[in-house]
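Dear colleague,

Please read them with the structure open beside you.

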Amino acid sequence: MIDTHAHLDMLKSEEDLYESIESLDYIITIGCDKEEIFKAVEISNRFENVYASVGYHPYDINDLTDRDIEILEDICRKNSKVVAVGETGLDYYRDITPKKLQWDFFEKQLELAKKLKLPVVIHSRSANEDTINILENHSPFPDSGVLHCFGGDLPMMEKAVEMGFYISFAGNITYPKADNLREVLRKTPLDRLLLETDSPFLSPQKKRGKSNKPSYIFYTLEFVSQFLDIPKEELEKITDQNALKLFKKIKKTANV
């Protein structure tokens, strides 16, 4: 099993870190601010089966400059364990960062991903229309990307898939009130489906109230398997193959 999106530097203990690493084939840890991008690379270099994606989250860009984009590019070029750019995107849920600034640094990171021939990990919350508009303005994306922890609607999913993106669902797909999200899941093409934990956030329902960790992805896998009526082993194979197609550098460095 592959957890395609976790924040390993935020796990509550080293015990949780090692337990998760031993439980999964691969984990992609995310660095999404000025400090975390270095932490993500450091963790990926400590563990053979951990890879990194680095970028700037829309809540963490108020003090960014073009120099920070240059630093990001340098990190990506110098570290073979970096498999994607992001998470980057738009978040209007809280009024933390001006929209114009979010658009600017989202676009710069999209272009950086294309320049580096890497997939892009996209965060979008309460910003469906603007996210899709920006992606359409910068398409095509030859190296694809993923809308992580998908929380959008059906038209957003369909437009993203049309542009070649993958759709990733996290533990919140298991929540009792997530019926609208599950209807999107039902219509997501299987060859574009990914699973993630977004740990330590969004623990699946069976572990809700506890800090999430990558090994909890099996609860999400079990739930989605039952919901889609696909045998668990088959669904795991599908999502893992999708992850390896998207994050191609995993194959190159791990000889999968």
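Predicted model: local features only at pLDDT ≥ 70, side-chain atom pairs only at ≥ 80, totals over all residues.

The partner of Asp-179 is Arg-182, and the two side chains meet in a salt bridge with an N to O distance of 2.7 Å. Both residues belong to helix 7 (residues 179-187), where they are three residues apart and so separated by about one helical turn. Arg-182 has a relative accessibility of 8% and therefore counts as buried, since the limit for that class is under 20%.

Other salt bridges

In general, side chains of opposite charge can pair when their charged atoms come close. In this model the count comes to 15 salt bridges, and I describe some of them here.

In helix 3 (residues 66-78), Glu-70 and Arg-67 lie three residues apart, about one turn of the helix, and they form a salt bridge in which the closest N and O atoms are 3.1 Å apart. Glu-70 counts as partly exposed, at 44% relative accessibility.

In helix 4 (residues 99-116), Asp-104 and Lys-108 are four residues apart, which means that about one helical turn separates them, and their side chains meet in a salt bridge of 3.4 Å, N to O. Asp-104 is partly exposed at 25% relative accessibility, and Lys-108 is likewise partly exposed, with a relative accessible area of 26%.

Salt bridges that share partners also join Asp-16, Glu-19 and Lys-213 into one network. Lys-213 sits in the loop between strand 8 (193-195) and helix 8 (217-228), and with a relative accessible area of 14% this lysine is buried. A polar contact of 3.4 Å joins the side chains of Lys-213 and Asp-16.

A patch of positive charge

On the surface, Lys-245, Lys-248, Lys-251 and Lys-252 gather in a patch of positive charge. Helix 10 (residues 248-254) supplies the largest share of this patch, namely three residues, while Lys-245 has its place in helix 9 (residues 232-246). Lys-245 is partly exposed, with a relative accessible area of 47%.

Backbone features

The peptide bond that joins Ser-139 and Pro-140 is cis, with an omega of about 5 degrees, and Pro-140 is placed in the loop between helix 5 (128-138) and strand 6 (145-147). A cis peptide bond also runs from Ser-199 to Pro-200, with omega near 15 degrees; Pro-200 lies in the loop between strand 8 and helix 8, and Lys-213 is likewise found in the loop between strand 8 and helix 8.

Lys-117 is not a glycine, yet it has a positive phi of about 60 degrees. Lys-117 lies in the loop between helix 4 and strand 5 (120-125), and at 61% relative accessibility it counts as exposed. Asp-229, which is not a glycine either, has a positive phi of about 55 degrees, and this residue lies in the loop between helix 8 and helix 9. With a relative accessible area of 68%, Asp-229 is exposed.

With best wishes

Methods. Residues numbered from 1 in each chain as written. Heavy atoms only, no water. Patch = residues over 30% accessible without salt bridge, like charges linked within 9 Å, V, L, I, M, F, W, Y side chains within 5 Å. Areas by Shrake-Rupley, 256 points an atom, 1.4 Å probe, with all protein chains shown as cover. Salt bridge = Lys/Arg side-chain N within 4 Å of Asp/Glu carboxyl O. Lys, Arg positive; Asp, Glu negative; His and termini not counted. Charge placed at Lys NZ, Arg CZ, Asp CG, Glu CD. Helix = DSSP H or I, 4+ residues; strand = E, 2+ residues; numbered from the N terminus. Buried < 20%, exposed > 50% of the residue type's maximum accessible area, 1.4 Å probe, protein only. Polar contact = N/O pair within 3.5 Å; in protein donor to acceptor, adjacent residues only side chain to side chain.
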